[in-house]
Structure formats: structure tokens, C-alpha cells
Amino acid sequence: MATRPLATHLPARLATLALTIELKHCNGQEPKAIGLAQTMSDQPKFDPRTATPFLTSRGHSGWLGLRYSDHGDDWVELELPWREDLLGEAGQRVLASGPILSLMDMASGLAIWKAMDRFEPVATLDLRVDYVRPAREKAPVFGRSQCYRVTRSAAFVRGLAHDGDASDPVAHIQAVFMKIGASKDTREVPGE
């Protein structure tokens with residue numbers, strides 16, 4: 001039996017985990033197959049609504065409490081709840097910039113997977129955040145990222161963070177992500 005790189009196994013494993021999570025939460029009722037668990041085919045469709053609770057349940061994203069908000073064909077919006085311990089400076093009631101950066105990074109990854117309609121490991125190469133104003137006190141911050149282009153080896157994202165009114169953003173982002181496990185380049189190097 002030929003072995004495949006780990007990245008090629010991830011979609012099916014992620015689908016199995018989503019199905020397991022879904023079955024545990026059906027409370028004895030007939031489970032409804034949604035998102036990643038919809039079909040157990042080799043390439044299940046990527047559903048941010050189903051994947052976000054799993055992907056944000058641990059680590060830094062889990063500690064921040066990131067939650068799914070909404071999505072479209074090439075965009076995802078997450079929510080960062082306002083918390084006292086996420087304030088930037090003592091005496092200031094302003095949310096720190098780090099949690100907003102983490103919110104936008106996670107929303108961007110999810111937007112890329114939604115645009116490709118599959119899970120494939122990606123790594124942040126460049127993430128520029130332009131802060132326009134501080135977030136309002138005690139208001140959650142929403143991060144909406146759109147994946148506007150995917151190439152063989154990279155994905156390009158833009159987005160904004162807002163605290164309830166997308167026309168009055170807290171920050172704008174522009175990012176480039178590297179696709180890990182992208183198809184191997186078979187071109188020959190000149191002179192070899």
C-alpha cells in the first residue's frame with residue numbers, strides 16, 4: 001500500500017472528528033448530517049459553521065473565546081467577545097490589538113478553506129493590520145475575512161474588524177498565506 005502525505009489524510013480525519021462531535025451533541029435525537037459530516041466521501045465540503053467550534057476549542061483561539069458568526073462562498077466572520085482581561089493598557093478601556101490580530105488570522109484561514117471548499121494546511125506569510133480606531137467598550141469585535149484569490153501555492157485575503165457596524169471598521173487587513181502541501185513543483189531548473 002502506497003503512503004500519502006499527512007495533508008492528504010486531513011480532510012477525511014477532520015470530517016470524522018466533526019461527525020463524532022455532532023453525534024455527541026445530538027442528545028439522543030436523530031443526528032442531522034451537516035457540513036463536514038454531510039458525506040463521508042474523500043473530499044467533504046468545508047463548512048465553517050461546523051468546523052469553527054472544533055478549530056477554536058483549544059489553544060490561543062479557544063482561550064480568546066472566538067465564535068462563529070457568519071459566512072459566504074469566499075468569506076467567514078468570527079466574533080471575539082469583549083472581556084476585561086483582553087484590555088490593552090491599565091486604566092484604558094480599549095481592547096488590545098493582539099486579540100484582534102488573532103481574530104483576523106483565524107477568520108482568514110477559515111475564509112481560505114471556504115473558498116477552496118476543503119481543508120488544506122496554510123501558514124500566514126504576511127498579515128498587515130491597519131487599526132483605524134479603538135473598539136467600543138464592552139462591545140464584541142467581529143472579524144470578516146474574504147479570500148479573493150487562491151493560486152497553486154498561496155492564498156490572498158482581505159478583511160475588516162468591526163464592533164457591530166461594518167461601515168465603521170476598527171481595522172482593515174490584507175494578508176498572504178502559503179498553502180502547505182500544495183502540489184509539488186515538477187518544473188526543471190535550467191542548467192541542471
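Biologist: Leaving aside neighbours within four places in sequence, which residues is Lys 138 in contact with?

Modeller: The model is predicted, so local features need pLDDT of at least 70 and side-chain atom pairs pLDDT 80 or more, while totals for chains, interfaces and linings use all residues. Numbering starts from 1 along each chain as its sequence is written, and side-chain values use heavy atoms, with hydrogens and water left out. Once the neighbours within four places in sequence are set aside, the contacts (heavy atoms within 4.5 Å) of Lys 138 are with Trp 82 and Arg 93.

Biologist: How far apart in space are Lys 138 and Glu 84, C-alpha to C-alpha?

Modeller: Lys 138 lies in the loop between strand 3 and strand 4, the latter covering residues 141–150. In sequence, Lys 138 and Glu 84 are 54 residues apart. In space, their C-alpha to C-alpha distance is 8.3 Å.

Biologist: Is Lys 138 buried or exposed?

Modeller: Phi of Lys 138 is positive, near 65°, in a residue other than glycine. The relative accessibility of Lys 138 is 57%. Buried means under 20% relative accessible area, exposed over 50% and partly exposed in between, with a 1.4 Å probe and protein chains only. At 57%, Lys 138 therefore counts as exposed.

Biologist: What is the phi of Asp 117, and how accessible is this residue?

Modeller: Asp 117 sits in the loop between helix 4 and strand 3, which spans residues 122–131. Although Asp 117 is not a glycine, its phi is positive, at about 60°. Its relative accessibility of 26% makes Asp 117 partly exposed.

Biologist: In what order do the elements of the chain run from the N terminus?

Modeller: Helices (H or I, at least four residues) and strands (E, at least two) are DSSP runs numbered from the N terminus. The chain holds four helices and six strands. From the N terminus on, their order is α-α-α-β-β-α-β-β-β-β.

Biologist: At what angle do the axes of helix 2 and helix 4 cross?

Modeller: Two packed helices are described by the angle between their axes and the distance between the axes. Here axes are lines fitted to C-alpha atoms, for helices over the stretch in contact, with angles from 0 to 180 degrees between N-to-C directions. Helix 2 (residues 48–55) and helix 4 (residues 97–116) have axes that come within 11 Å. The angle at which these axes cross is roughly 140°.

Biologist: Which residues of helix 4 do Pro 48, Thr 52 and Leu 55 meet?

Modeller: Pro 48, Thr 52 and Leu 55 are the residues on the helix 2 side of this contact. On the helix 4 side, they meet Met 106, Leu 110, Trp 113 and Lys 114.

Biologist: Why is the pair of Phe 46 and Trp 113 edge-to-face?

Modeller: Rings of Phe, Tyr and Trp (its six-membered ring) pair if their centres lie within 6.5 Å; planes under 30 degrees apart count as stacked, over 60 as edge-to-face and the rest as tilted. The pair links distant parts of the chain, since Phe 46 is in the loop between helix 1 (6–24) and helix 2, and Trp 113 is in helix 4, 67 residues apart. The ring centres of Phe 46 and Trp 113 are 5.7 Å apart. The pair is edge-to-face because the planes stand at 65°.

Biologist: Which residues form one aromatic cluster?

Modeller: Phe 46 is buried at 2% relative accessibility, Trp 113 is buried at 10%, and Phe 119 is buried at 16%. The rings of Trp 113 and Phe 119 make a tilted pair, with centres 4.7 Å apart and planes at 50°. The structure holds three aromatic pairs. One aromatic cluster is formed by Phe 46, Trp 113 and Phe 119.

Biologist: Leaving aside neighbours within four places in sequence, which residues is Ser 102 in contact with?

Modeller: Ser 102 belongs to helix 4 and is buried, with a relative accessible area of 18%. Apart from neighbours within four places in sequence, the contacts of Ser 102 are with His 60, Leu 64 and Leu 66.
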